[in-house]
Structures are given as C-alpha cells and as structure tokens.
Amino acid sequence: LDFSRDLLAIARERGADGMVEVDWIEGDAQELPFGDAAFDRVLSTFGHMFAPDQERTAQELRRVCRPGGRIAIACWTPEGNIGGLFRAIAAVNPPPPGTRSPLLWGTEEHVRSLLGHDATLERHEVEWRDTSPESYAEFMENSFGPLIAAREQAGEALHDTFLEFLRSVNEADDGTLRFRGEYLVAVAPPA
C-alpha cells in the first residue's frame, strides 16, 4: 500500500522485472482499505511515518492486525543522518505550519505512546553506496517521495541542498559515496 500512484507504478514495474507477485494498492495509512483484524502481521518500512495524523495512523495499524499478531515498523531517527537530511530539506522547503515531524516515529517515547509500552525497540543502521554523490542525488530525487515532493516546491534549491548534505555525510574519500542512516525498529502487539 502506498499513497503515491507514481511510486506504485515504479513498484509494479520492479516487481514484474523481479518476477514477484504482489498486490499493490493505492491508499492512505490513515484510512487503511482493509477490514478489522485482517492480517497476522502489519509491516511498514519508512512509509506510515509520513502520514500527517500520527495517532490515526497508529490506530489503523492496530485495527487491521489480528489479536495475537504483530505490528513491525522501521522509522528514521531524528539523531541519524536521515534526520539531518530532513532538517536540511526543511531549510529550503519548510513544512506547513502545525505539521508534526515524521521523525517522531523514530523516537522510543513517541512510538510507545502510539503502539504501547510493551513494544520492543532496536536501533539499526543501513549503509548506502553509489558511484558518486551526484549519481545518488539524481536517483533519490526521482524515487524518494519526500524528495520528489520537496523538489516540486523548492526546485533547484532542493537539489543543491541535497547534494551539499550528501557531500557532508560522505565517508568515502575516492569520489564515490558511502554514508549511513540510523533507523528504529519497533515490534508491538495490536493492543
């Protein structure tokens, strides 16, 4: 499930290329198009965190999960490099007034307030590599929803800001790109 028709088209294409059968559904994490207790496992990797109504989104994750099931989510942390990226983007494309940061989902206290105090939490890192910061910037500006949306609003300023960010976090010294992003994994029962 994804809110973006364009990203679903990319997912369908990549799924077909990989000969993977998946039902891709356009929908809103704040109003999941599934019945109550429809799934044993409800998973979201960096998707649900961008829905504006965080409480409603958490309610929906719990609603569609069967009793005895598990909800598992992965969210970028505010302290990690992706948190830094969000702050850099906000400098050239500020969020609407009153908007809550999606990075709240990357904090233990907030996740426990939304999914319950019995959630298990772990921090992990992912490492990205590319032939250059420029190559990675081009790829991400055409495939990562928040960057696509920010570019539509901020234009070239977004590209310049993103490229500067990549250069600042780059751990490689040979012209390639290598950097890490921290994320929080939470696993919780539905109630």
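Author: Partly exposed means a relative accessible area between the cut-offs for buried, under 20%, and exposed, over 50%. Keep that in mind here; this is a predicted model.

Reader: Is Ala38 buried, partly exposed or exposed?

Author: Ala38 has a relative accessibility of 26%, so Ala38 counts as partly exposed. Ala38 sits in the loop between helix 1 (5–17) and strand 1.

Reader: Which residues does Ala38 touch, leaving out those up to four places away in sequence?

Author: Ala38 touches Val64 and Arg66. Take Arg66. Ala38 and Arg66 are 28 residues apart in sequence, yet their C-alpha atoms are 6.3 Å apart in space.

Reader: Which residues of helix 3 are buried?

Author: Start with the general idea. An α-helix has 3.6 residues a turn, so residues three or four places apart point the same way. In helix 3, the buried residues are Ile82, Gly83, Gly84, Leu85, Phe86, Ala88 and Ile89. They pack against strand 2 (65–76), strand 3 (120–130), helix 6 (145–154), helix 7 (156–169) and strand 4 (177–188).

Reader: And which residues of helix 7 are buried?

Author: Leu158, Thr161, Phe162, Leu163, Phe165, Leu166 and Val169. Their cover includes helix 3, helix 5, helix 6 and strand 4.

Reader: How do helix 6 and helix 7 pack?

Author: Again, the general idea comes before the case. Two packed helices are described by the angle between their axes and the distance between the axes. For helix 6 and helix 7, the angle is about 130° and the axes are 6 Å apart. The two helices are therefore oblique to each other.

Reader: Which residues meet there?

Author: Helix 6 brings Leu147, Ala150, Arg151 and Ala154. Helix 7 brings Glu156, Ala157, Leu158 and Phe162. The residues of this contact divide into 6 nonpolar, no polar and 2 charged.

Reader: On to the rings. How many aromatic pairs are there?

Author: The rule is that ring centres must lie within 6.5 Å. By this rule the count comes to 10 aromatic pairs. One of them joins Phe50 and Phe86. Their centres are 5.8 Å apart, with 35° between the planes, and the pair is tilted.

Reader: What does the pair of Phe50 and Phe86 tie together?

Author: Phe50 lies in the loop between strand 1 (39–45) and helix 2 (54–63), and Phe86 lies in helix 3, so the pair ties together parts that are 36 residues apart in sequence. Phe50 is partly exposed, at 29% relative accessible area. Phe86 counts as buried, at 13%.

Reader: What about Tyr136 and Phe179?

Author: Tyr136 and Phe179 form an edge-to-face pair, 5.7 Å centre to centre, with 75° between the planes. This pair links distant parts of the chain: Tyr136 is in helix 5 (residues 133–141) and Phe179 in strand 4, 43 residues apart. Tyr136 is buried, with a relative accessible area of 6%. Phe179 is buried too, at 1%.

Reader: Which residues do ring pairs link into a cluster?

Author: Phe46, Trp76, Trp128, Tyr136, Phe165, Phe179 and Tyr183.

Note on methods:
Residues are numbered from 1 along each chain as its sequence is written. This is a predicted model: local features need pLDDT of at least 70, side-chain atom pairs count only at pLDDT 80 or more; totals for chains, interfaces and linings use all residues. Side-chain values use heavy atoms; hydrogens and water are left out. Buried means under 20% relative accessible area, exposed over 50%, partly exposed in between (1.4 Å probe, protein chains only). Helices (H or I, at least four residues) and strands (E, at least two) are DSSP runs, numbered from the N terminus. Contact means heavy atoms within 4.5 Å. Rings of Phe, Tyr and Trp (its six-membered ring) pair if their centres lie within 6.5 Å; planes under 30 degrees apart count as stacked, over 60 as edge-to-face and the rest as tilted. Axes are lines fitted to C-alpha atoms, for helices over the stretch in contact, and angles run from 0 to 180 degrees between N-to-C directions. Angles under 35 degrees count as roughly parallel, over 145 as roughly antiparallel, 65 to 115 as roughly perpendicular and the rest as oblique. Ala, Val, Leu, Ile, Met, Phe, Trp, Tyr, Cys and Pro count as nonpolar, Asp, Glu, Lys and Arg as charged, and the others, Gly among them, as polar.
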